[in-house]
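Me: I'd like to learn how to read this one with you. Where do we start?

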Amino acid sequence: MSGLLSRTVMWLTWRQLFARRRVWLAVAFALAPLFFTLVFMVVGDDGTDARVGFLGVLQRDIVIGTLLPLAGVIFGTTAFGGEVDDGTLVYLLVKPIPRWQVVLSKLAVASLSTFAVIAPAVMLPWLVLRNADLPFSFAGGFLAGAAVGSLIYCALFLSLGLATRRALVVGLLYVIGFEATLSRSLGGLRSLSVREFSIAISQAASAGAVKIPDALSMATVYWMGTIILVGAVAWTMRKLVQYEMAERL
Amino acid sequence: MTTLAPEVVPMSAPTRAVVELRGVSRWYGNVVAVNDVSFSLGSGITGLLGPNGAGKSTILHMMAGLLRPSAGTVLVDGMSPAGNPDAYRRLGLVPEREAVQPFLTGFEFVRTCARLQGLPDADAAAARAIVQVDLENAQHRKVGTYSKGMRQRIKIAGALVHDPAVVLLDEPFNGMDPRQRLDMMDVLREEAANGRVIVISSHILEELHDLATNVLVMVSGRLAASGHFREIRRLMTDRPHTFTLRSSDDRRLGTALLAHSSVFSVELAATGAVVRTADRGAMTRELPRIARGIGVRLFEIRPTDESLESVFSYLVDQ
């Protein structure tokens, strides 16, 4: 237990995230795009352009646009939210480990868990549909986008887990209201959307295999992504350092 | 207020852990939860007694660094525990809420506590702590399947696993059956004999019987009394008591009772005769004889001020 992360906190968080029904939810998230792909294979057009078009829409709108923020909400808010709700957070707070280390450890596990669910959602459809026009860099680009998106989403939702006892509901409202609606309809808000960051990174990391004409510039993604990530992590650390046990008066 | 001096360990004792509160207050908005409380504790078991809402948990949480005092100073082993993770190497807390991660086994929970404390052999330390609380047979079961008493015991094992100098227990006997309670008292006595400072909060005086040397009585956020258990017990049992009697002739019975030396007053009310006495034992022993002597039949004797709050209020009024 040294350095930036605590192995014990990470192990405990991992056990917490995958307890009970969340395992099955994670499996469903990971396999849902494969199911859509198999349906496409059975009923859709088998031409190369159709495959490229289908996989592009599947990855951008379903995997990056929907499953990634939902997985981030579930894992990010549960990493702290569950312990705040049931009062077990106290067992971490009365231990000789710095609270910033607790935050970084939980962020690492929540992000990796989110990415672990999204990675098969990216890779399995590509494995089924891959051809000369769908090289590995196509899937690799979306993997890179999903990795960065997992980290920023989880940083945001981790802070939400400490900010409110209704973190899951507020998180879902954010995903539906901001990421899926406002940021798509109001152009000025796109530069605050984690979904748009992930899509822009997917394109940039795909070596030209993914083509998204209206993607954000990488400079915007770099600066805005860094500000949101660092801001959320710093806020969560400060909140946990100042965290006090609720009293029943 | 009757204040009996607790056995205060000299603060200069270099090797003994000491908990010290100096003029500590804590408020939430306009609500004062703890008001100007000062005390100092050395090794041994101290009971923190008071009704619900008296401020016991607030005091314990301030000692555990989970709440910052609004005013005053809390020192545990010379250090302020708030915002000081190193203080937890010397401190163990058993919180009141019974929740323990339900997906862990008892052994995993205690081993996790040991690992978070950075102990070199967490497995061995966890095994020792589990033996202490007599949960070897259930250690590999999920905590979610434990009874309330078992969860209390596994929490205590988690708090003792790193051999802390100061152990804070918030209502630790909740949910334990009498046998488990006695076993746990033995464990705590043994820990106290090893020189630890043990603070137990409770709203039941009898829980502290034969366990706590010193008792701190909290009422409405204030330290109402402090002293040896026996002195606190005497104050609580020797206070005036009020009974309501119903009989075949309340007026005659009331007149006869007034002649008894321990009876202060008798008042005739719609519900019966309200009798105030200084000696509950003598009055309850004599009452049947007095009633029989004047040919009055007793229908009901009902204590009317036995609530915990009234007992504590009496102590405050002193």
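Reply: With contacts: two residues are in contact if their C-beta atoms, placed from the backbone, lie within 7 Å. Here the contact between the chains takes 22 residues from chain A and 32 residues from chain B. Keep in mind that this is a predicted model, where local features need pLDDT of at least 70 and side-chain atom pairs count only at pLDDT 80 or more, while totals for chains, interfaces and linings use all residues. Residues are numbered from 1 along each chain as its sequence is written, and chains are lettered from A and ligands numbered from 1 in the order in which they are written.

Me: Which element gives the most to the side of chain B that touches chain A?

Reply: Elements first: helices (H or I, at least four residues) and strands (E, at least two) are DSSP runs, numbered from the N terminus. On that side of chain B, α2(B) gives the most, with four residues. The elements that each supply at least two residues there are β2 (31-41), α1 (56-63), β5 (91-94) and α2 (106-116) of chain B.

Me: How many residues of that side are nonpolar, polar and charged?

Reply: Ala, Val, Leu, Ile, Met, Phe, Trp, Tyr, Cys and Pro count as nonpolar, Asp, Glu, Lys and Arg as charged, and the others, Gly among them, as polar. The side of chain B that touches chain A has 17 nonpolar, ten polar and five charged residues.

Me: What about chain A: how many helices and strands does it have?

Reply: Nine helices and zero strands. Its C-alpha trace spans about 65 × 40 × 35 Å along the principal axes.

Me: Which residues of α9(A) are buried?

Reply: Buried means that 20 or more other C-beta atoms lie within 10 Å of the residue's own (exposed is 12 or fewer, partly exposed is in between), with C-beta atoms placed from the backbone. In α9(A), the buried ones are V221(A), G225(A), L229(A), A232(A), V233(A), T236(A), M237(A) and L240(A). They pack against α5 (99-129), α6 and α8 (194-205) of chain A. Over the 249 residues of chain A, 47% count as buried.

Me: And which residues have the most contacts inside the largest nonpolar core?

Reply: A nonpolar core is a set of buried Ala, Val, Leu, Ile, Met, Phe, Trp, Tyr and Cys residues joined through C-beta atoms within 7 Å. The largest one has 149 residues, and V110(B) and V199(B) have the most contacts inside it. Its largest share, 16 residues, comes from helix α6 (residues 136-163) of chain A. A second, separate core has eleven residues, including L253(B) and A273(B).
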